[in-house]
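Subject: Structure handover

Hello,

Here is the structure for you to look through. My notes on what was found follow below it.

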Amino acid sequence: MTLDVAAIRADFPILAREQDGRRLVYLDSASSSQKPRSVMCAMDDLMERSYANVHRGVYAIAEETTARFESARRNVARFLGARDAAEIVFTRNATEAINLVAYSWARANLHAADVIVLTEMEHHANVVPWLMLAEERGVELRWIPLTDDYRLDLTDLDALLAGGALLAVTAMSNVLGTVNDIPPLVAAARAVGAHVLVDASQAVPHLPVDVQAWDADFVAVTGHKMLGPSGIGALWARRELLEEMPPFLGGGEMIRDVRKDGFSTNDVPWKFEAGTPAITEAVGWSAAIDYLDALGMDAVHAHEVALTRYALDALGDRFGDRLAVYGPADTRQRGGVISFLFPEIHAHDVSQVLDEEAVCVRAGHHCAKPLMRILGVPATTRASLYVYNDTDDVDALVDALAKAEQFFAF
Ligand SMILES: Cc1ncc(COP(=O)(O)O)c(C=O)c1O
């Protein structure tokens, strides 16, 4: 293991919690990660020592808070490899970042018969905004299908992209764990003049990501899946695009001037940040980034690859064909999100038995109903791994699953 998991666990107060005398085994980080003490301390420190609104007051604590908020933006920009902090628009989460693109860029640029290309493994956050646009504008949606080993089937990519205006693709599936190779997809989209939006909600917490190397136009990220608080995320976009795009929400902060007969907009990124932002959460997210930086994203990724291999082998050894596992078998093509199903047992029933063993997993459609329909199942159970998990957690999962299988045996 490349990470000192015992030391990491000691940084996460909730992991010391017991449930009915059992150690808490948290395997639901793809839904939302736990938070280290340093994140809580950064947020407390801001509120205890210098909290005020940002970009408004000219008194000391207001200026300090503004400095810490803008420093958080620079930290997010650096972590993502952005050219400039102005390319980081703070949003509530990745969903809002994608909606920002849909409401601002897409409604200004796309019209009936324009084509948006999605993939069959997208989260609803990267599906519903485009379905809404399809209903409103009559844009056409096309879908990149999946291979039998749960990867994108790129056989007909050029035909799917022909005439395309936007490719919207996830960097890592929140159901299958599949990691998509973004640069060739961007190159193919660029070749037909399409823009590219990457949903990096599951990738940024787990892999080194460099938005300039991806060379996409828009990248959506969310803080709460990467050790930060909920309520904060970001849209990275190329500065020229942000400058051309009309504002999304109207109100304070996003304006330069307002008259009775009109308004002019603020510079980017504030043009897209109407109203008081999530100040404390931005500072907490920045502390989470510092925590991940100290671990090193290469080490985080290597840890998860090794643990995913261990988990896939352990599940295969214990249950064989009795447990269907949905996702690539090759850990070079996937992250630590593992979806599975005993064909005879409902995913929710399994997760309830797991809860009795203090093993926290997610059961359901994982906000990916088009994918569930393709898999032909209403739900799966999903275990997801992060920096504070180790082989003991995987063993606890496997043992708890064996109990569930026995409990529901016919
Ligand atoms: C792939 C993917 N995209 C988007 C989202 C939405 O993230 P948020 O709820 O933080 O907006 C999620 C959350 O589960 C996700 O897994």
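Over the ring of which residue does the charged end of arginine 107 sit? The ring belongs to tyrosine 103, and the charged end is 4.1 Å from its centre. A charge counts as sitting over a ring if NZ of Lys or CZ of Arg is within 6 Å of the ring centre and within 35 degrees of the ring normal.

Before the rest, some background. This is a predicted model, in which local features need pLDDT of at least 70 and side-chain atom pairs count only at pLDDT 80 or more, while totals for chains, interfaces and linings use all residues. Residues are numbered from 1 along each chain as its sequence is written, and side-chain values use heavy atoms, with hydrogens and water left out.

Aromatic pairs

The whole structure holds 11 aromatic pairs. Rings of Phe, Tyr and Trp (its six-membered ring) pair if their centres lie within 6.5 Å; planes under 30 degrees apart are stacked, over 60 edge-to-face, and the rest tilted.

Phenylalanine 69 and phenylalanine 90 have ring centres 5.2 Å apart and planes at 50 degrees, so this pair is tilted. Phenylalanine 69 is in helix α3 (residues 60-80) and phenylalanine 90 is in strand β4 (residues 88-91), so the pair ties together parts that are 21 residues apart in sequence. Helices (H or I, at least four residues) and strands (E, at least two) are DSSP runs, numbered from the N terminus.

Phenylalanine 69 is buried, at 0% relative accessible area, and phenylalanine 90 is buried at 7%. Buried means under 20%, exposed over 50%, and partly exposed in between (1.4 Å probe, protein chains only).

Phenylalanine 90 also forms a tilted pair with tryptophan 285, at 6.3 Å centre to centre and 55 degrees between the planes. Tryptophan 285 lies in helix α10 (residues 279-295), 195 residues from phenylalanine 90, and is buried at 1% relative accessible area.

Elsewhere, Phe12, Tyr26, Tyr291, Tyr386 and Tyr388 make up one aromatic cluster.

The ligand

The ligand is surrounded by 13 residues, and Thr95, Asp199, Gln202, Thr222 and Lys225 are the closest. An oxygen atom of the ligand is 2.6 Å from a side-chain N or O atom of threonine 95.

Regards

Terms used: A residue is near a molecule or strand if one of its heavy atoms lies within 4 Å of it. A polar contact is a pair of N or O atoms within 3.5 Å; within protein, one must be able to donate a hydrogen and the other to accept it, and residues adjacent in sequence count only if both atoms are side-chain atoms.
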